[in-house]
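Please open the structure in your viewer and keep the selection panel at hand. The stops below each say what to select next and what is there.

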Amino acid sequence: MLEEIANIARNCQRCVVLTGAGISAESGVPTFRGKDGLWGKFKPEELATMDAFLANPKVVWEWYNWRRQIIGEVKPNPGHYALCELEEMFTNFTLVTQNVDGLHRVAGSRNILELHGNINLNKCVECSQKYPDDLEINPDDIPGCPNCGGQIRPDVVWFGEMLDATIISQAFDKSAKADLFFSIGTSTLVHPAASLPLEAKRSGATLVEINIEATPLTTLADFHIAELSGVFLPNLLERIKSISA
Ligand code: OAD
């Protein structure tokens with residue numbers, strides 16, 4: 001399958017990659033679902049919704065500070081780095097990520113659409129004014145927005161919230177025009193992100209799924225690679241390079 005996908009990639013111009021928590025798993029960032037997933041230990045409705053924040057902002061901030069600490073200590077893995085190099089091989093390349101960890105940026109990817117925000121940034125719960133990433137939040141003394149006095153929250157998308165309209169519309173547009181689409185390390189259970197590979201497939205793209213487990217996308221995908229993304233992606237990159245050499 002490696003050979004076949006590398007040959008297809010060589011002949012494609014427009015590539016979209018969708019990543020989820022699985023691509024960062026080998027860096028040491030916990031995924032949400034499955035064995036050891038965060039949603040097996042914590043309740044999303046108590047931590048990742050506006051209602052939860054309004055009811056108990058201290059608990060929500062403690063949880064986000066804990067995740068920030070984990071993310072602050074990890075580094076990109078070979079999967080992230082392979083995607084940076086893959087970006088240079090296509091006329092048009094878009095990396096759409098559901099991850100809030102910022103590791104694609106740290107690795108050096110350039111054309112990134114962060115669908116669910118960035119855990120290191122803050123914004124006001126009332127007026128949505130953005131605040132910089134070096135603003136540390138003490139859960140016992142959450143600062144008020146200088147603009148309007150509203151509480152400061154992490155700049156991530158919570159359950160029940162709309163995604164940034166411009167970002168999601170760009171993601172759909174690129175997916176519809178893609179001739180090659182990779183879905184990597186995502187359970188494809190959360191929409192609208194999970195609709196992007198369907199859009200690409202409907203529009204004629206070759207769909208490649210890289211996931212150690214089967215997902216709702218697996219039967220639709222042209223290829224399902226049940227390998228660690230940090231192992232398969234560097235191999236694929238080398239194979240593509242050797243074809244073009
Ligand atoms: P999930 O935790 O739902 O899924 C992670 C997927 O990665 C699973 O299907 C695993 O099988 C796969 N996986 C794990 N390690 C892997 C590896 N090394 N290589 C390849 N695959 C691997 O995470 P997401 O799909 O990203 O949203 O979750 C989507 C959204 O749900 C998240 O952005 C978050 C969450 O609740 C919000 O917070 C709004």
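Begin by selecting cysteine 12, which is buried at a relative accessible area of 10%, where buried means under 20% relative accessible area, exposed over 50% and partly exposed in between, with a 1.4 Å probe and protein chains only. The closest cysteine sulfur to that of cysteine 12 belongs to cysteine 15 and is 7.6 Å away, which is too far for a bond, a disulfide being a pair of cysteine sulfur atoms within 2.5 Å. Now select cysteine 127, which is in no disulfide either, the nearest cysteine sulfur being that of cysteine 145 at 3.8 Å. Cysteine 127 counts as partly exposed, with 34% relative accessibility. A search of the whole structure finds zero disulfides.

Before moving on, note that this is a predicted model, in which local features need pLDDT of at least 70 and side-chain atom pairs count only at pLDDT 80 or more, whereas totals for chains, interfaces and linings use all residues. Residues are numbered from 1 along each chain as its sequence is written, and side-chain values use heavy atoms, with hydrogens and water left out.

**Strand S1 and threonine 19**

Select threonine 19, which is found in strand S1, residues 14-19; helices (H or I, at least four residues) and strands (E, at least two) are DSSP runs, numbered from the N terminus. Threonine 19 counts as buried, at 0% relative accessibility. Show its side chain together with that of histidine 104, and you will find a polar contact of 2.9 Å joining the two. A polar contact is a pair of N or O atoms within 3.5 Å; within protein, one must be able to donate a hydrogen and the other to accept it, and residues adjacent in sequence count only if both atoms are side-chain atoms. Leaving aside neighbours within four places in sequence, the residues in contact with threonine 19 (heavy atoms within 4.5 Å) include Leu83, Val96, His104 and Ile184.

Next select residues 78-87, which form helix H7 and include histidine 80. How many of the ten residues of H7 are buried? Seven of them are, so H7 is largely enclosed by the rest of the structure. The buried residues are Gly79, His80, Ala82, Leu83, Cys84, Leu86 and Glu87, and they pack against S1, helix H2 (22-25), strand S2 (92-97), helix H8 (103-107), strand S7 (180-184) and helix H11 (229-244). At the start of H7, look for a side-chain oxygen of asparagine 77, which reaches to within 2.8 Å of the backbone nitrogen of glycine 79. Histidine 80 itself has a relative accessible area of 0% and is buried; not counting residues up to four places away in sequence, histidine 80 touches Ile23, Ser24, Ser27, Leu103, His104 and Ala107.

Step back into the loop between helix H6 (57-73) and H7 and select lysine 75, which is exposed, with a relative accessible area of 62%. Apart from neighbours within four places in sequence, lysine 75 is in contact with Ser27 and Leu103. In the loop between H7 and S2, select methionine 89, which is partly exposed at a relative accessible area of 21%. With neighbours within four places in sequence set aside, methionine 89 is in contact with Arg10, Leu237, Ile240 and Lys241.

**Serine 175 in helix H9**

Now select serine 175, placed in helix H9, residues 165-177, and counted as buried at 0% relative accessibility. A polar atom of the serine 175 side chain lies 2.7 Å from the backbone oxygen of alanine 171. Not counting residues up to four places away in sequence, serine 175 touches Val16, Phe181, Leu196, Glu199 and Ala200.

**The ligand**

Finally, select the ligand and the 23 residues around it, of which Glu26, Arg33, Thr186, Ser187 and Asn211 come nearest; a residue counts as near if one of its heavy atoms lies within 4 Å. A nitrogen atom of the ligand is 2.7 Å from an N or O atom in the glutamate 26 side chain. On the backbone side, an oxygen atom of the ligand is 2.7 Å from a polar backbone atom of phenylalanine 32, and an oxygen atom of the ligand is 3.3 Å from a polar backbone atom of glutamine 98. The protein covers 93% of the 790 Å² of accessible area that the ligand has on its own, such areas coming from the Shrake-Rupley method with a 1.4 Å probe.
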